[in-house]
Amino acid sequence: MRNNKASSVTMVCCLGLLLIGGCLDITTTSEVKRDGSIVRTITFTGDSSAVYSGNFPVELDSLWTKSTVKTSEKKYTLTATRTFRNAEEMNKTVQGQFGKTLQYRIALEKSFQWFFTVYRYEEVNLPFAQFTSIPMTDYLSQEEIGWFKRKILNGELKEGKKTLEDSLIAERISPRSEEWTSRNHFAPFFSTFLSGVPALNDPALTAAGVESLKDSLYRHSTKAVESNKFDTLHLIFRHVLKTPVVEKVWQINARSFEEIERKIEFEQSIGKHNYVTSVIMPGLITGSNARKIEANKATWQEFLGLASYFEYTMWVESRQVNWWAVIIALVLVVSLMAALIISVLRRRSRKQ
């Protein structure tokens with residue numbers, strides 16, 4: 001599925017990965033209990049082929065309770081639920097595998113403050129971009145990267161919230177961010193091909209000759225890589241390098257090339273879906289970086305473009321009243337007052 005580049009702003013937000021539209025609407029809700037246990041529920045909503053294929057960005061083993069229902073004429077929803085005793089147990093499941101699933105890191109702190117218990121929940125989305133050998137700073141300045149992260153976090157690049165200055169900055173950044181993404185996708189194909197050249201020991205194709213034509217290979221290959229036409233790359237390399245020996249190098253490294261293709265397709269598959277994450281806390285929420293808070297529920301969305309290359313931390317704090325402590329305090333106060341009254345009454349009776 002190819003990216004729809006509706007505007008330069010969208011391109012900057014996505015940095016080449018976040019696709020418009022989605023195959024599945026994925027909603028993750030983690031409910032934190034007073035005892036520190038966490039109930040995690042994930043719903044996948046889409047057409048029957050998307051739901052029943054089981055090709056999800058998270059792993060659901062047999063320990064999850066699952067059910068599927070038809071929610072409309074063309075929509076189905078799979079609901080998966082699992083209860084974890086604590087954050088440590090949850091981490092073992094949601095840590096995932098790089099290049100195969102999304103990865104998360106969970107932390108839950110619970111502190112007793114007599115009349116209140118304070119909770120802090122953190123969920124870190126780990127980067128899922130597969131190829132980042134070329135640093136982003138080679139194409140964007142630290143200030144531009146900071147602008148991108150800040151605007152995405154604040155949701156200011158959504159329609160109706162971007163300023164003229166934002167549009168101009170996005171227009172300036174877009175070509176470089178696009179090239180950075182393309183260069184990183186091309187790099188593993190080139191390095192894998194280059195590593196196979198010495199094994200042939202053929203004077204018609206040398207490592208030095210391949211290196212000298214790297215930029216030409218990139219320019220001719222970009223469209224094929226970004227449109228997933230990987231099967232044409234060997235023909236492009238052969239055309240640029242002008243020797244049939246290229247085919248032998250491609251055959252030698254066939255499995256490596258297939259793995260690169262799989263990883264690029266994995267990146268794109270993550271971006272096909274729409275994600276919403278919610279956390280339900282004990283008591284009342286006292287702080288969070290979520291843009292939407294309803295009672296004791298915090299919700300995040302539209303964060304995937306940032307999480308593709310950077311760690312993105314969702315956090316929320318809440319405070320639960322310890323009624324037992326309040327009752328004990330009241331009992332103590334009443335007891336002290338009663339003792340004081342009794343003492344006063346006794347003194348008066350003695351004087352009489």
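User: What makes the residues around V316 count as its contacts, and which are they, leaving out residues up to four places away in sequence?

Analyst: Contact means heavy atoms within 4.5 Å. By that rule V316 touches Y119, R120, Y121, V279, M281, I285, G287, S288, A298 and W300. This is a predicted model, where local features need pLDDT of at least 70, side-chain atom pairs count only at pLDDT 80 or more, and totals for chains, interfaces and linings use all residues. Residues are numbered from 1 along each chain as its sequence is written, and side-chain values use heavy atoms, with hydrogens and water left out.

User: Why is the set that holds V316 called a nonpolar core?

Analyst: A nonpolar core is a set of buried Ala, Val, Leu, Ile, Met, Phe, Trp, Tyr and Cys residues joined through side-chain atoms within 4.5 Å. Buried means under 20% relative accessible area (1.4 Å probe, protein chains only). The largest such core has 53 residues. F44, L60, I106, Y121, M281, W300 and V316 touch the most other members. A second, separate core has 26 residues, including L194, L205, L233 and V249.

User: What makes the space lined by L102 and Y104 a cavity?

Analyst: On a 1 Å grid over the protein atoms alone, a cavity is a set of points where a 1.4 Å probe fits but cannot get out. Lining residues have an atom within 4 Å of a point. The largest cavity has 14 of them; L102, Y104, N125, Y275 and F303 lie nearest its centre. Its space is about 100 Å³. Strand β7 (274-280) gives the largest share of the lining, three residues.

Terms used. 1 Å grid on protein atoms, 1.4 Å probe; cavity = no way out; pocket = protein on both sides within 12 Å on 5 of 7 lines; lining within 4 Å. Points joined across faces, edges and corners; volume = space filled by probe spheres on them. Helix = DSSP H or I, 4+ residues; strand = E, 2+ residues; numbered from the N terminus. Buried < 20%, exposed > 50% of the residue type's maximum accessible area, 1.4 Å probe, protein only.
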